[in-house]
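Me: Please show me the sequence together with the structure, and then help me to work through it slowly, one question at a time.

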Amino acid sequence: MSKVKVAINGYGTIGKRVADAVTMQDDMEIIGIAKTRPNYEAFVAHDKGYNVYTLADRVDDMKSAGIPAAGSIDDMIAEADVVVDCTPGGIGEKNKALYEKAGVKAIWQGGEKHELAGCSFNAEANYEEALGRDFVRVVSCNTTGLCRVIYPLDQEYGVKKVRVTLMRRSADPNDVKNGPINAIVPNPIKLPSHHGPDVKSVIPHINIASTAVKLPTTLMHLHTLNIEMEKDCSTEDVKALFAKQPRIRMIGQGIGSTAEIMELGKDMGRPRGDMWENCVWEDSVTMYEGELYFFQAIHQESDVIPENVDAIRAMTELEKDGAKSIAKTNKAMGL
Ligand SMILES: NC(=O)C1=CN([C@@H]2O[C@H](COP(=O)(O)OP(=O)(O)OC[C@H]3O[C@@H](n4cnc5c(N)ncnc54)[C@H](O)[C@@H]3O)[C@@H](O)[C@H]2O)C=CC1
Ligand SMILES: O=C(OP(=O)(O)O)[C@H](O)COP(=O)(O)O
């Protein structure tokens, strides 16, 4: 069977990781990546063997910088079955007309609005909803992390109400433009933050209120969750349920911070030290007066990567069963 042809439009934090994760799968392949400038990431992409495409008026700039550009973004899209749009939030929206004109399927990321794709995706929660669809949005890193814990709790015990406070890393490690570097910023000040409504775009019946602040850290986000459930359960029940989930890692062994989780990822030999799973502190899982409390850390640069692979599989109907796609993606990535 021929492999599904995937193009990456926007080769930054998310795009370069999706490209590598797709390359690890046996049922899909990267036919090209698009970069706007011939910077170090473009050179690495070229050295890895990816065909590098660029904006139509920059093909010559790319060539004169030493990267033999394969053509324009339009040329790349014409070759693809699915485009994974990993351009910065708000830019992807402008590309929709391009994808419609080319008759190509497209995936956007969490920086775009739900309405753009009409289907917001998390592999565990609603894989089936994306089957055969032309347009899908993989929800943001924090929303992905929330869906991964809320969905199994809802399936097992019925979620009555979720309250979550997100402590967000303010910028990615390579991001020299954004801050804060010496402040804690309520973001947004007007509540709720987008994360609660975004969870509802994937699992509509969940009652959830979210608030978020940005902290001067680049490594990971950290969530404090408080969940009321319909049915009684114990701390041990919840720990056992989380331990069974394919994209939740229970954290212990002396790990007391996001810094040590990132060190664990490097020690495990993960590509770029990535931590694709939600990291739930086992000792934090507590039932108190009938309500569940716990802490989890989310690696913003990488947790949505396996979800993008599963979204490709669902949209192209390479696999109709979400659990099978998750298992296949995880195995190929070493998760
Ligand atoms: N970085 C993160 O923590 C996460 C980001 N996301 C979402 O993923 C999307 C991408 O974010 P990042 O990878 O962080 O951004 P980024 O800024 O690291 O990468 C975006 C890339 O797109 C390129 N680009 C800009 N305009 C372009 C255009 N018109 N055509 C082609 N390429 C263009 C940029 O040069 C850059 O290489 C956003 O929607 C964001 O909200 C989702 C989860 C986590
Ligand atoms: O999707 C993310 O965060 P979010 O779930 O808080 O929107 C990524 O960390 C990107 O967030 P940013 O818009 O703060 O760069």
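Reply: Domain 1 (4–139 + 304–333) and domain 2 (141–298) each contribute residues to the shell around ligand 1, so ligand 1 lies between them; the domain bounds come from an automatic or database domain assignment. This is a predicted model, in which local features need pLDDT of at least 70 and side-chain atom pairs count only at pLDDT 80 or more, while totals for chains, interfaces and linings use all residues. Residues are numbered from 1 along each chain as its sequence is written, chains are lettered from A and ligands numbered from 1 in the order in which they are written, and side-chain values use heavy atoms, with hydrogens and water left out.

Me: How much of the accessible area of ligand 1 does the protein cover?
Reply: The shell holds 20 residues, of which T13, I14, K35, D172 and Q300 come nearest, where a residue is near if one of its heavy atoms lies within 4 Å of the molecule. An oxygen atom of ligand 1 lies 3.1 Å from a polar backbone atom of G111, and an oxygen atom of ligand 1 is 3.2 Å from a polar side-chain atom of R169. With accessible areas taken from the Shrake-Rupley method with a 1.4 Å probe, where for residues only the protein chains shown count as cover, ligand 1 has 830 Å² on its own, and the protein covers 80%.

Me: Which elements give two or more residues to the shell around ligand 2?
Reply: The residues surrounding ligand 2 are S140, C141, N142, R168, R169, H194, H195, K214, H221 and Q300. Polar side-chain atoms of N142 and of H195 each lie 2.7 Å from an oxygen atom of ligand 2, while for H221 the distance is 3.0 Å. Helices (H or I, at least four residues) and strands (E, at least two) are DSSP runs, numbered from the N terminus, and the elements asked for are helix 8 (141–157) and strand 9 (159–169).

Me: How many residues in the shell around ligand 2 are polar?
Reply: Ala, Val, Leu, Ile, Met, Phe, Trp, Tyr, Cys and Pro count as nonpolar, Asp, Glu, Lys and Arg as charged, and the others, Gly among them, as polar. Divided in this way, the shell around ligand 2 has one nonpolar residue and three charged ones, and the polar residues number six.

Me: Which residues are exposed on the face of helix 10 turned away from its buried side?
Reply: Buried means under 20% relative accessible area, exposed over 50%, and partly exposed in between (1.4 Å probe, protein chains only). In helix 10, which spans residues 235–244, V238, K239, L241 and F242 are buried. Seen down the helix axis, the buried residues fall within an arc of 165°, so they line one face of helix 10, the arc being that of the directions from the helix axis to the C-beta atoms. The face turned away carries the exposed residues E236, A243 and K244.

Me: With which side chain does R137 make a polar contact at 3.0 Å?
Reply: R137 is found in strand 8 (residues 135–138) and is buried, with a relative accessible area of 2%. A polar contact is a pair of N or O atoms within 3.5 Å; within protein, one must be able to donate a hydrogen and the other to accept it, and residues adjacent in sequence count only if both atoms are side-chain atoms. The side chain of R137 makes such a contact with the side chain of S201 at 3.3 Å, and at 3.0 Å its partner is the side chain of D198.
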